[in-house]
Amino acid sequence: MAKLKEEINNHLLQLQLEIDEIFVSGRDAVVSEVTIGQVYGGMRGLVALACNTSYVDPYSGLYINKYTTEEFSDKLPEEIFALLITGKFPDKSELAEFQADLNTRTHIPQYTWDVLRSLPKNSHPMTMLSLGILSMEGESVFKKEYQKGIQKSEYWKYSLEDALNILAKLPGLAAGIYRIRFGNGDLIPPNPNLDWAGNLTHMLGFDNADKAFSDLMRLYLVLHCDHEGGNVSAFTSRVVNSALSNLYYSVSAGLNGLAGPLHGLANQECLKFILQIYEHLGANPEDKDLEKYVLEVLNSGKVIPGYGHAVLRVTDPRFTAFMNFGEHNCADNNCFKIAKKLYSVVPGILSSYKGGKVANPWPNVDAISGSLLYHYGLSQFDFYTVLFGVSRVMGFCAQNILAQGLGQPIIRPKSVTNKWVMEKLLIKDK
Ligand code: AMX
């Protein structure tokens, strides 16, 4: 992996030059003011982090480095990881070297399987994924080298080793979780002739499925790879890693954040929602019936899963990429048809709901992904966030390695009490 290391090093040098230039022209310049509303409101809109793997533009969506979602969505996940961490797509020989290296690291220790098999049968697959990674923490190369004593400038090289080990094991781990949790628990070994996503399909046991299922897996693992630095899972992973907890700890922590229904779990909630609509209204509901149903859900105090976003203010281009895939491959599928119909109805309702309070009435990636998986027979929607997680780990690893390579310090924002705020605002004690 000498070439990958060299490319990362070059990328770090370039990023450091940019940071030096930024600091020369304005280390103390103000980029964002903090309002009391933000202090109490999840820091929404506060510019307080630098992340150079990806960027989410409210109006054009996700960029990986300089590439728009449309421009990178036909790549392999391995190419995307290289892009996240080096700023460049690998050439053919670099890609082959990277894939061959991953194939040497796929072994998952027996104790990990023992831990997973000992869990209650109803454990959520995300619990299993997070725990599976955490169980291997003792294998951390970074941890061993850190204990011996290493220069700060070398940290990223050992974290890269951890990242490659984790990424190589992820398809087997995810597939094993699927087969333990939803099947009879027999594991399928990896096939070294397959790519990362192809191997996941193979180890899940979907070799005989429609060939388009492997293409969907590739697209799925590409589209979920990263979404800048401030989302719950990436930020959690970064905060944990900033304490120099190794990548096994910080990846596991990020996955725990991804498991929340307002974040990664929304994809399973979406499919549940679509199946409920199918049960109540059939595959081709009238607009007015669907509107009534959506309003009933809202009035019961629930959110419409798959709609809204903390940053985006348009239809998520990742939603559009999945929609295009569905149009080409499973346009007649009932779930897909309902997902599409919801797209024509929900934004109008959410726009005027709560007096226009919903900042973004448009769909995010989760509104559609589950209906495609369901079409190909992956019907256990409890598993969907695991697939999201397999992909998102690429972003966690890349963000943490680059942050270490740039020598970023421990993250520690300041919190204050109501009393402090009242004094600041000169509000008198009652
Ligand atoms: N359905 C109903 N109400 C919604 C809504 C939705 N889909 N999206 C936002 N709202 C409501 C909020 O609950 C909030 O109401 P409140 O002030 O009474 O609590 C109000 O609109 C304003 O919220 P916002 O500023 O528009 O959104 P946010 O940045 O606070 O939250 C998100 C963003 C994604 C959590 C929210 O839109 C939501 O809950 N969506 C549904 C769940 C979902 O799809 N999550 C996946 C997001 C993508 C991902 O991480 N995978």
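Predicted model: local features only at pLDDT ≥ 70, side-chain atom pairs only at ≥ 80, totals over all residues.
I begin with the ligand.

In the side chain of R44, an N or O atom lies 2.6 Å from an oxygen atom of the ligand. K357 also places a polar side-chain atom 2.8 Å from a ligand oxygen atom. With I304, it is a polar backbone atom that is found 2.9 Å from a nitrogen atom of the ligand. How much of the ligand does the protein bury? Taken alone, the ligand exposes 890 Å², and 77% of that is buried by the protein.

I turn next to the helices. Two packed helices are described by the distance between their axes and the angle between them. Here, helix α11, residues 212–223, and helix α16, residues 317–329, have axes that come within 11 Å and cross at roughly 175 degrees. Because angles over 145 degrees count as roughly antiparallel, α11 is roughly antiparallel to α16.

Which residues make this contact? From α11 they are A212, D215, L216, L219, Y220 and L223, while α16 supplies R318, A321, F322, F325 and N329. These contact residues divide into 8 nonpolar, 1 polar and 2 charged.

Thank you for your attention.

Note on methods
Residues numbered from 1 in each chain as written. Heavy atoms only, no water. Axes fitted to C-alpha atoms, helices over the stretch in contact; angles between N-to-C directions. Helix = DSSP H or I, 4+ residues; strand = E, 2+ residues; numbered from the N terminus. Parallel < 35°, antiparallel > 145°, perpendicular 65-115°, else oblique. Contact = heavy atoms within 4.5 Å. Nonpolar A, V, L, I, M, F, W, Y, C, P; charged D, E, K, R; others polar. Polar contact = N/O pair within 3.5 Å; in protein donor to acceptor, adjacent residues only side chain to side chain. Areas by Shrake-Rupley, 256 points an atom, 1.4 Å probe, with all protein chains shown as cover.
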